[in-house]
Amino acid sequence: AMAAWFSSPIELAKEGALTVARRHFVYLQESLERETVRVQASLSTLPLSGSKEEIEPALEQLRNQASLFSIKLYSSSSEILAEAANATSLIEPFREPPLNQSALASALRGEAVTVPDLENSGKFIRVYAPLKNERAR
């Protein structure tokens, strides 16, 4: 019975499933990176010198338009300046992984970084990207 698990048709099916999963991951990653560029462009036109209460409605609108789990604006000291997140982000199994300090440092240097993260049973693809906004804090 065990020999059947290692037969050629089973191996081909397994390899096919892995190929589909890898392609889907690349598609999601590329889609997220495109949405990030669009969100960056939208944010660059907003006056970001206001309070969280003034900025977060615009972030929520962008998050919904892009179908993102969350958008967070960080300061250079890793402080969250403003954020918009899906309501499920408050539920333990759906919480986001902690901030990736190395990726944030890269974004602060002007580099966009895409990071796959796991948190509990959740799988996240996160993009840390610089915000070029002359009106930002």
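**Group meeting: a walk through the model**

Hi everyone, let's start with confidence: in this predicted model, the mean is lowest in helix 1 (residues 2-5), at 61, and highest in helix 4, at 92. That score is pLDDT, the predictor's confidence in each residue, from 0 to 100. Over the chain it averages 84, and 88% of the residues score at least 70. Where pLDDT is low, the predicted coordinates should not be read in detail.

Some housekeeping. Residues are numbered from 1 along each chain as its sequence is written, and side-chain values use heavy atoms, with hydrogens and water left out. Local features need pLDDT of at least 70 and side-chain atom pairs count only at pLDDT 80 or more, while totals for chains, interfaces and linings use all residues.

Now the layout. The chain has four helices and four strands, in the order α-α-α-β-β-α-β-β along the sequence. Helices (H or I, at least four residues) and strands (E, at least two) are DSSP runs, numbered from the N terminus. Of the 137 residues, 25% are buried; buried means under 20% relative accessible area, exposed over 50%, and partly exposed in between, with a 1.4 Å probe and protein chains only.

Please look at helix 2. It has 36 residues and spans 52 Å from its first C-alpha to its last, close to the 52 Å expected, where the expected span is 1.5 Å times one less than the number of residues. Its buried residues are L32, T36, V39 and L43.

Helix 2 also matters for our next stop, as it gives the most to the lining of the largest pocket, with eight residues. A pocket here, on a 1 Å grid over the protein atoms alone, is an open set of points where a 1.4 Å probe fits, with protein on both sides within 12 Å along at least five of seven lines; lining residues have an atom within 4 Å of a point. The largest pocket holds about 1,200 Å³ of space, a volume being the space filled by probe spheres set on the points, which are joined across faces, edges and corners. Its lining counts 41 residues, with S70, I71, K72, V127 and Y128 nearest the centre. By class, 26 are nonpolar, nine polar and six charged.

On to salt bridges: a side-chain nitrogen of Lys or Arg within 4 Å of a carboxyl oxygen of Asp or Glu. How many are there by this rule? The count is eight. K72 pairs with E83 at 3.9 Å, N to O, joining strand 1 to strand 2 (residues 80-85) across 11 residues of sequence. Both ends are partly exposed, E83 at 30% and K72 at 27%. R126 and D117 come to 3.3 Å between their closest N and O atoms, and both are buried. K72, E83, E96, D117 and R126 are linked in a salt-bridge network.

Last, the loop between helix 4 and strand 3 (113-119), where G110 sits. G110 is partly exposed, at 40% relative accessibility, and its C-alpha lies 7.4 Å from that of A129, 19 residues away in sequence. A further salt bridge joins R109 and E111 at 3.4 Å, N to O; R109 is exposed at 56%, whereas E111 is partly exposed at 38%.

Thanks, everyone!

Note on methods: Nonpolar A, V, L, I, M, F, W, Y, C, P; charged D, E, K, R; others polar.
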